[in-house]
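Below are my notes on the model, as numbered points. Please read them alongside the structure.

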Amino acid sequence: MDWGMKNRLAQLVKEDGRCLFLPVDHGYFQGPVSKLENPRKTLEPLLPYTDAIFVTRGVLRSSVDPDRAKPIILRVSGGASVVGKDLAHEGITTSMEEAIRLNVCAVGISIFVGTDYEHDSLLNLARLVDEGERYGIPVMAVTAVGRELKKRDARYLALSCRIAAELGARVVKTYYCEKFEKVIQGCPVPVVIAGGPKVDTEYEVLQFVHDGIQRGAIGVNLGRNIWQDEHPVAMIRAIRAIIHENVTPKEAQELYDSVKSGVA
Ligand code: 5RP
């Protein structure tokens, strides 16, 4: 691996081998999602606690100050919307030249295994990897399920993650699921977990993040369950403690409660 690739990966994955990525890219197909209507306002209090942000170029330029930024994972796929025909019909929206101009640490692209656009999205990933490798920019593949949240089982996610790794993704983002270890065992590159739609209680989030890490994920790329929480700073700090300080879900909940009540 060349110096540039190593250096970018080292900015994303910390010395303990773990990472906390904060995605705020949801607007690229969902528009002004609840609690992300003003990305700058959502991001600013959370930036000190994240290792990297996952963002489109539009939000990066408009809502993140270059002198206070964290490492950037640039969302470079898109072209579909929640009101369009098919969420899986994505292409590459942003060139590698633009990624270099923005000095990003990685680029991210969704793949849609099992859909009508499986082939296109996988070839898009492969092409992006060819370009990323040429310039030392790692590619994070996102195993997207669109509206089919039921697809999030170990068999499907293991298939998608493995394909992403085979096509050259340096990191794969997938969902936590039952028998998550099967996903990890079948994927030869590091895996981070997303949260999906907000779940009912913060403790559930702390538990699945903890469990995912115990079963081999290197960290999270967790959005709505952080910034749609009533106390986003408390939530990100609790998750950070699980990832980088190996605390239990119970200890993380205690931290959440004390940040929420202004004690920590
Ligand atoms: C949305 C994405 C997000 O980056 C990913 O789904 C993680 O966010 P969340 O935890 O809210 O699901 O790819 O396009």
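1. Helix α11 (residues 232–245) has 14 residues and runs 19 Å from its first C-alpha to its last, close to the expected 20 Å; that expectation is 1.5 Å times one less than the number of residues. Helices here are DSSP runs of H or I with at least four residues, strands are E runs of at least two, and both are numbered from the N terminus. After α11 comes Asn246, with a positive phi near 55°.

2. This is a predicted model, in which local features need pLDDT of at least 70 and side-chain atom pairs count only at pLDDT 80 or more, while totals for chains, interfaces and linings use all residues. Residues are numbered from 1 along each chain as its sequence is written.

3. The buried residues of α11 include Ala234, Met235, Arg237, Arg240 and Ile243. Buried means that 20 or more other C-beta atoms, placed from the backbone, lie within 10 Å of the residue's own. The buried residues of α11 pack against β1 (19–23), α9 (202–214), β10 (219–221), α10 (224–227) and α12 (249–260), a contact being two C-beta atoms, placed from the backbone, within 7 Å.

4. In total the protein has 12 helices and 10 strands. Of its 264 residues, 47% count as buried. Among contacts between residues at least 6 apart in sequence, 65% join residues at least 24 apart.

5. The C-alpha trace spans about 50 × 40 × 40 Å along its principal axes.

6. The ligand is surrounded by 13 residues, the closest being Pro23, Ala194, Gly195, Gly223 and Arg224; the criterion is a C-beta atom, placed from the backbone, within 6 Å of the molecule.

How values were computed:
Buried ≥ 20, exposed ≤ 12 C-beta atoms within 10 Å, placed from the backbone.
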